[in-house]
Amino acid sequence: MKEIRTRFAPSPTGYMHIGNLRTALYTYLIAKHEGGKFILRIEDTDQKRYVEGAVEIIYNTLKLVGLDHDEGPDIGGEYGPYVQSERKDIYLEYAKKLVDLGGAYYCFCDKERLDSLREKAEEEKTTFRYDGHCKSLSKEEVQAKLAAGEPYVIRQRIPKTGQTTFVDAVYGSITVENSELDEGVLLKSDGLPTYNFANVIDDNLMKITHVIRGSEYLSSAPKYNLLYDAFGWDIPTYVHLPLIMKEGGKKLSKREGDASFEDYYNKGFLPEAIINYIALLGWSPGGTEEEFFSLEELVENFELKGLNKSPAVFDVNKLRWMNGEYIRKKSTEEFHAMALPYYKKYISAKGIDLELLSRLLHTRVDALEDIQDHVDFIEKLPEYDATLFVHKKMKTTLENSLDSLKKALEILNDLETRDADTIHNTLFPAIKEMGIKNGQMLWPIRTALSGKQSSPGGGTDLLILLGKDESLRRIQKGIDKLK
RNA sequence: GCCCCCAUGGUCAAGCGGUCAAGACUCCGCCCUCUCACGGCGGCAUCAGGGGUUCGAGUCCCCUUGGGGGUACCA
């Protein structure tokens with residue numbers, strides 16, 4: 001059996017998009033599931049859109065999520081170069097060959113003529129298609145123009161009649177009328193190919209067996225088939241993927257919102273959680289209710305038949321939940337290590353037991369960025385209203401809260417330790433003695449210490465966390481507020 | 001406008017002619033509990049509409065509607 005070779009071919013135009021990353025993932029999985037090769041190719045044929053540093057983002061992202069490529073610009077391979085701008089000569093050679101084969105022709109039309117054609121099409125409310133103006137040029141005329149140094153372009157020649165059918169592994173067989181296809185530019189006047197040409201040449205030369213890409217290429221696929229046929233090349237297996245949509249149903253865009261991998265990563269989403277989540281956006285293992293998959297497990301379970309045809313909405317909410325699950329699966333120590341940078345950023349107060357804080361936060365954090373909102377009260381007690389002490393379920397009132405805080409201030413003042421058991425053993429007898437419910441003592445303490453509706457941990461936890469001095473200060477503040 | 005694709009709850013989705021139409025997120029209850037969270041239990045909610053085919057249709061066909069994509073010397 002022939003070895004499976006797939007390629008991820010991003011263009012270095014900026015961020016690594018979530019949709020892009022998912023394409024990379026599936027591309028990787030399809031190859032690796034069959035023990036094949038995963039290749040990285042940089043499609044930089046549009047110099048206008050080139051963004052400095054974008055290639056590094058691509059490398060970093062793939063590395064971070066563990067999609068290691070077998071061939072690529074950085075590591076080489078048998079079929080290089082893997083950067084399209086370095087393959088310029090190859091495209092020219094094949095473009096000329098295609099002209100000889102009758103699958104393409106030189107075109108000398110300038111922008112003005114093309115624009116007027118486009119305007120006319122607009123007026124007539126029809127789709128613009130190149131009118132074949134230069135198709136009738138004789139060989140001699142073409143030679144003369146070339147010799148005169150006229151700028152040119154090479155266009156694909158498409159039969160006026162008939163139909164073209166192609167088969168996609170996800171969408172099945174699709175047939176279009178040739179008359180619907182535009183004779184698009186294959187080789188631009190700057191000598192570089194368009195995507196429409198380069199993808200065919202490179203995929204063939206690099207022996208790509210499965211072409212995986214977003215479904216936005218579905219409508220141009222017939223043209224690629226025509227190209228393969230003209231060269232007499234084998235047509236690869238097409239795998240077009242449903243698009244990922246934003247909430248509200250629009251195509252995911254890097255401009256709006258935080259749809260890039262980098263953004264989520266920086267917000268404290270774990271690469272393995274992101275991979276797991278997006279793997280399930282458009283693909284389902286079927287026959288199992290398991291939804292947690294490591295990259296290795298995805299490789300093992302991934303099959304084309306699980307691919308969905310319809311677009312999927314990216315649900316940050318569910319990503320958050322899944323990320324939270326991944327965080328909770330970590331050990332306390334691992335979580336602590338991940339949380340530390342955030343503590344450094346948001347907590348300057350001394351004497352805070354950060355390890356305790358991590359234990360308290362571990363089940364309360366879905367994305368690491370949540371830490372900020374959880375720890376803000378440590379730095380400084382927020383402004384809060386006395387009514388916060390009133391809690392129906394805890395059976396607290398302004399009055400009994402004041403009593404409890406006074407008592408707490410009194411007994412805690414004598415305490416020098418920060419030990420949980422000792423604090424517990426000091427507080428609870430007092431509660432019993434006062435004849436009140438636990439919550440009637442602990443809710444006021446918790447409230448006075450945090451100044452918030454909710455906090456990571458209850459009254460005793462916060463006492464230990466903040467330490468004696470700060471705790472007493474805040475309790476006193478609460479008392480003042482209640483007087 | 002034209003061409004192509006898609007259509008199960010708010011979202012991700014299983015289903016592949018015959019089951020009470022799985023499961024997950026969200027939301028809502030209850031339990032646990034010194035708040036919240038975690039965890040446990042339970043609940044609300046889906047086959048877009050209309051025609052066919054068939055003994056029988058979420059599953060097959062057609063139309064309508066809705067959504068998405070394409071329509072560049074961008075990918």
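Q: What makes the pair formed by the side chain of serine 219 and RNA strand B a polar contact?
A: A polar contact is a pair of N or O atoms within 3.5 Å. In this predicted model, an N or O atom in the side chain of serine 219 is 3.4 Å from a sugar or linking oxygen of RNA strand B, so the pair qualifies. Local features need pLDDT of at least 70 and side-chain atom pairs 80 or more, while totals for chains, interfaces and linings use all residues; side-chain values use heavy atoms, without hydrogens and water. Residues are numbered from 1 along each chain as written, with chains lettered from A and ligands numbered from 1 in written order.

Q: Which oxygen of RNA strand B does a polar side-chain atom of lysine 48 lie 3.3 Å from?
A: That atom of lysine 48 lies 3.3 Å from a phosphate oxygen. For arginine 49, the partner is a sugar or linking oxygen at 3.0 Å.

Q: How many residues surround RNA strand B?
A: There are 65, and the closest are Thr127, Lys188, Thr363, Arg364 and Gly457. A residue is near the strand if one of its heavy atoms lies within 4 Å of it.

Q: Why are strand 3 and strand 4 called paired?
A: Pairing requires at least two bridges found by DSSP. Strand 3 and strand 4 (residues 153-156) have 4, in the antiparallel sense, and therefore count as paired. Alanine 104 stands opposite glutamine 156 in strand 4.

Notes
A polar contact is a pair of N or O atoms within 3.5 Å; within protein, one must be able to donate a hydrogen and the other to accept it, and residues adjacent in sequence count only if both atoms are side-chain atoms. Helices (H or I, at least four residues) and strands (E, at least two) are DSSP runs, numbered from the N terminus.
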